[in-house]
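I opened this notebook page to look up a few features one after another and to write down what I found. The entries follow the order in which I looked.

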Amino acid sequence: MKESLRTGVSFGLTSAVITTLGLMVGLHSGTHSKMVVLSGIFTIAIADAFSDALGIHISKEFEDAHTVK
C-alpha cells in the first residue's frame with residue numbers, strides 16, 4: 001500500500017471514529033432520540049469526509065510547493 005494512501009486511511013478512520021462517537025454520545029444525552037442520532041451520524045459522515053479530504057489535499061499541495069526538487 002502506498003505511504004500516502006496508508007496515511008490518509010489511518011488519519012480518516014481515527015478522525016471518523018472519534019468524531020462519530022463524540023457526536024453520538026452528545027446527541028443521545030441531549031435528545032434521547034434515535035432519529036436525531038442517526039441523522040447526526042449521516043451528516044457528520046459526509047462533512048468529516050470532505051473535511052479530511054480537503055485537509056490532506058491542502059497539506060500535500062503545501063508540501064509539494066515547498067519541496068526542493
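This is a predicted model: local features need pLDDT of at least 70, side-chain atom pairs count only at pLDDT 80 or more; totals for chains, interfaces and linings use all residues.

Entry on the helices. I then turned to helix 1, which has 29 residues and reaches 41 Å from its first C-alpha to its last, close to the 42 Å expected at 1.5 Å a residue. Just after helix 1, I noted that His32 takes a positive phi of about 55 degrees. For helix 2 I recorded 32 residues and a reach of 46 Å between the first and last C-alpha, close to the expected 46 Å. Which residues of helix 2 are buried? I listed Val37, Gly40, Asp48 and Asp52, and I noted that helix 1 is included in what covers the buried residues of helix 2.

Entry on Val25. I looked up Val25, which lies in helix 1, and I wrote it down as exposed because its relative accessibility of 57% is over the 50% cut-off. Val25 and Val37 are twelve residues apart in sequence, and I noted 8.6 Å between their C-alpha atoms in space. Of this pair, Val37 is buried, whereas Val25 is exposed.

Entry on the largest pocket. I asked next which residues line the largest pocket, and the list I took down is Glu3, Ser4, Thr7, Gly8, Phe11, Ile56, Ser59, Lys60 and Glu63. The elements that give two or more residues to this lining are helix 1 (3–31) and helix 2 (34–65), and helix 1 gives the most, with five residues. I noted about 200 Å³ of space in the largest pocket, and by class I recorded two nonpolar, four polar and three charged residues in its lining.

Entry on salt bridges. How many salt bridges does a search of the whole structure find? I noted two, and before listing them I reminded myself that side chains of opposite charge can pair when their charged atoms come close. In one of them, Glu3 pairs with Arg6, with the closest N and O atoms 3.6 Å apart; both residues lie in helix 1, three residues apart, about one turn of the helix. I recorded Glu3 as exposed, since its relative accessible area is 53%, and Arg6 as partly exposed at 44%.

Lys60 forms a salt bridge with Glu63, and here I noted 3.4 Å between the closest N and O atoms. Because Lys60 and Glu63 are three residues apart in helix 2, about one helical turn separates them. Lys60 is partly exposed, with a relative accessible area of 39%, and Glu63 is also partly exposed, with 42%. Going back to the pocket entry, I marked that Glu3, Lys60 and Glu63 are among the residues lining the largest pocket.

Methods. Residues are numbered from 1 along each chain as its sequence is written. Side-chain values use heavy atoms; hydrogens and water are left out. On a 1 Å grid over the protein atoms alone, a cavity is a set of points where a 1.4 Å probe fits but cannot get out, and a pocket is an open set with protein on both sides within 12 Å along at least five of seven lines; lining residues have an atom within 4 Å of a point. Grid points are joined across faces, edges and corners, and a volume is the space filled by probe spheres set on the points. Helices (H or I, at least four residues) and strands (E, at least two) are DSSP runs, numbered from the N terminus. Ala, Val, Leu, Ile, Met, Phe, Trp, Tyr, Cys and Pro count as nonpolar, Asp, Glu, Lys and Arg as charged, and the others, Gly among them, as polar. A salt bridge is a side-chain nitrogen of Lys or Arg within 4 Å of a carboxyl oxygen of Asp or Glu. Buried means under 20% relative accessible area, exposed over 50%, partly exposed in between (1.4 Å probe, protein chains only). The expected span of a helix is 1.5 Å times one less than its number of residues. Contact means heavy atoms within 4.5 Å.
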